[in-house]
Amino acid sequence: MSKERLLMFHRYNDEKSSFHSLRVRVVQLWSDYWSFFKKALEMGRKDPRKIIYAVKNGFALVVVSLFIFWKDPLSDVSQFAIWAILTVIVMFEFSIGATFIKGFNRGLGTFCAGMLAFLFAELAILAGDCEKVVIVISFFIIGSIASYLKLYPTMAPYEYGFRVFVLTYCILMVAGNKTREYTTAILTRLVLIAVGACICFIINISIYPIWSGDDLHSLVVNNFKDLATSLEGCVNGYLKYVEYERAPTRFSTQATEDQLNYKSVIESAAREKTLLGFAVWEPPHGRYKKLGYPWTTYVKVSAAVRHCAYTVMALHGCILSEIQAPPEKRQVFRNQLQSVSAEGARVLRQLGDKIEKMEKLSTSENILKQVHEAGEQLQKKIDQRSFLLVNSGNWEIENRTNAELDYQDDDVVSIEREQQHDYLQLGFKSQSETAIHVPSSLTFVKKLANKDLKKKPQTLRKLVPWPSWISFEGAGLIKEDEVKTYQSASALSLATFASLLIEFIARLQNVVDCFEELSEEAGFADPDVVLLEERRFSHWARLCSCCFRFKA
């Protein structure tokens, strides 16, 4: 009896555990579905155009599905209405440009397939008993040629058209072979495909049209603003001197959001290429009324901005570098660094606003004047305080006197220091490994007691080539010349940061040149002419108001 009770008890526990696991799975499944539903709603809330696109697509399917109930005239329309429905499904895209390029591919592929199907159908009929052989051979010829041509590099945008071509040809030939009426089958399907394409174009354009050109325009403008924010964030973060944890995760978790905005600029190249491919197919619309609008120049401007973004990425790398300049040296150049970042960000934002408003630069305005002056001030500060960026104590100075040249009495010539270790091998340090971490604010090192080394074992980690030659002498003394070498390398990181800012200023000229090219090709408004017209309008308005007052 006890064994039976024990077995029943175990069976009850097994059923209870299985029920519990089933309950956990059901709850987890419900949680996943609910999370997906909330994310879908959030996507529509952030971009309402996606909801509008879905509604338009559904409405287009409703309209084309009415062909199913078509009876008179042409009763065959209801039988082949699926062709119009399939056309709407495969052609209706998010933007007008994408719909046009999809329609072009489908239209061209369908037309070519129809013509070849009509040709081979006539040949099959003339072949008589060899009709099946002609049809099979035509399948081989069409499939092989189309599959080979779509692999050609320049044919990559029309890959969908080749698939439609092969698919349509095979279906037309099969349908014609069954009904023995090739011409009727081909013409009916071509007409229904054309009707479905027209429904896509009319609904997509007439009901809240979504243009890829607008998206490309907004993307270029946002690139200017994001890069300006990232530039200021990197300079401010560098001057704050936040010591990041020496771990691999610091690259993704310890940087502020405003410093990482340059990533969106760099990663926007693929999206720009896609939008450009759609925008060139769109007809003139809205503010872009010029035929053959220079969308390619928009991408060229964004490429120039991306060229500057690479410099900002290097600035951000200086913040996360292993060797850091001491904070007191950074404060020496604080005003100049902030001035360059502020002026550079101002230029980027101003150019972004000009593109957004589609205005040219004023002829009397030199947009780069102030940022160039800020760069010159930074360079002068570097020249004046260059002794902070190198180990000036090791300079070799030679005074030369010459009786023939009086002005050489006060000149000194700086000679490069000869390399003492010609075959010194420098290795690479991993992110998680660091040698002796010398405090960046250290200027004079006297003595480091052994008991302090025991209290702080984290200062001694797995030795790596740099800066592992900072060694200890007897009684815990650190070699002073090696500490100075490390300090010199730390100071050079500040020079690297400053030189990158100056390089950023130089690259801004390319951005301005590309902007001026875009403003000329796109026909941006001249702010001087707009201002003159506003002044004339205000003058006539005041004159009319005075006349009315006089009559009253």
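Welcome! The model is a predicted one, in which local features need pLDDT of at least 70 and side-chain atom pairs count only at pLDDT 80 or more, while totals for chains, interfaces and linings use all residues. Residues are numbered from 1 along each chain as its sequence is written, and side-chain values use heavy atoms, with hydrogens and water left out. The protein's secondary structure comes to 19 helices and 2 strands; helices (H or I, at least four residues) and strands (E, at least two) are DSSP runs, numbered from the N terminus.

**The protein as a whole**

- Of the 552 residues in the protein, 36% are buried; buried means under 20% relative accessible area, exposed over 50%, and partly exposed in between (1.4 Å probe, protein chains only).
- Among contacts between residues at least 6 apart in sequence, 81% join residues at least 24 apart, where a contact means heavy atoms within 4.5 Å.

- Most residues other than glycine have a negative phi.
- Tyr208 has a positive phi, near 40 degrees, and is partly exposed because its relative accessible area is 46%.
- Met358 also has a positive phi, near 60 degrees, and is found in the loop between α15 and α16.
- Met358 counts as buried because its relative accessibility is 10%.

**The nonpolar cores**

- The largest nonpolar core has 64 residues; such a core is a set of buried Ala, Val, Leu, Ile, Met, Phe, Trp, Tyr and Cys residues joined through side-chain atoms within 4.5 Å.
- The residues with the most contacts inside this largest core are Phe224, Leu227, Tyr298, Leu337, Leu351, Ile355 and Leu501.
- At least two residues of this core come from each of α9 (212–240), α11 (262–266), α12 (269–279), α13, α15 (334–357), α16 (369–384) and α18 (480–522).
- Helix α18 supplies the largest share of this core, 14 residues.
- Leu351 is in contact with Phe224, Leu361, Ile367, Val511, Val512 and Phe515, leaving aside neighbours within four places in sequence.
- There is also a second, separate core of 18 residues, which includes Ala60, Val88, Phe92 and Cys200.

**How helices meet**

- The axes of α9 and α15 come within 9 Å and cross at roughly 170 degrees; axes are lines fitted to C-alpha atoms, for helices over the stretch in contact, and angles run from 0 to 180 degrees between N-to-C directions.
- That angle makes α9 roughly antiparallel to α15, since angles under 35 degrees count as roughly parallel, over 145 as roughly antiparallel, 65 to 115 as roughly perpendicular and the rest as oblique.
- The residues where α9 and α15 touch divide into 14 nonpolar, 7 polar and 6 charged; Ala, Val, Leu, Ile, Met, Phe, Trp, Tyr, Cys and Pro count as nonpolar, Asp, Glu, Lys and Arg as charged, and the others, Gly among them, as polar.
- Helix α4 (residues 82–91) and helix α5 (residues 96–127) have axes that come within 9 Å and cross at roughly 135 degrees, and α4 and α5 are therefore oblique to each other.
- From α4, Trp83, Thr87, Val90 and Met91 meet Thr99, Lys102, Gly103 and Arg106 in α5.
- The contact of α4 with α5 is made up of 3 nonpolar, 3 polar and 2 charged residues.

- Arg306 has its place in helix α13 (residues 295–319) and counts as buried at 8% relative accessibility.
- Phe165, in helix α7 (residues 159–179), is buried at 12% relative accessibility.
- The C-alpha atoms of Phe165 and Thr110 are separated by 5.6 Å, although these residues are 55 apart along the chain.
- Ala491 lies in helix α18 and is buried at 1% relative accessibility.
- Not counting residues up to four places away in sequence, Ala491 touches Lys329, Leu388 and Leu389.

**Cysteines**

- The whole structure has 0 disulfides, a disulfide being a pair of cysteine sulfur atoms within 2.5 Å.
- Cys200 is buried, at 0% relative accessible area, and its sulfur is 9.3 Å from the closest cysteine sulfur, in Cys198, which is too far for a bond.
- Cys130 is partly exposed, with a relative accessible area of 44%.
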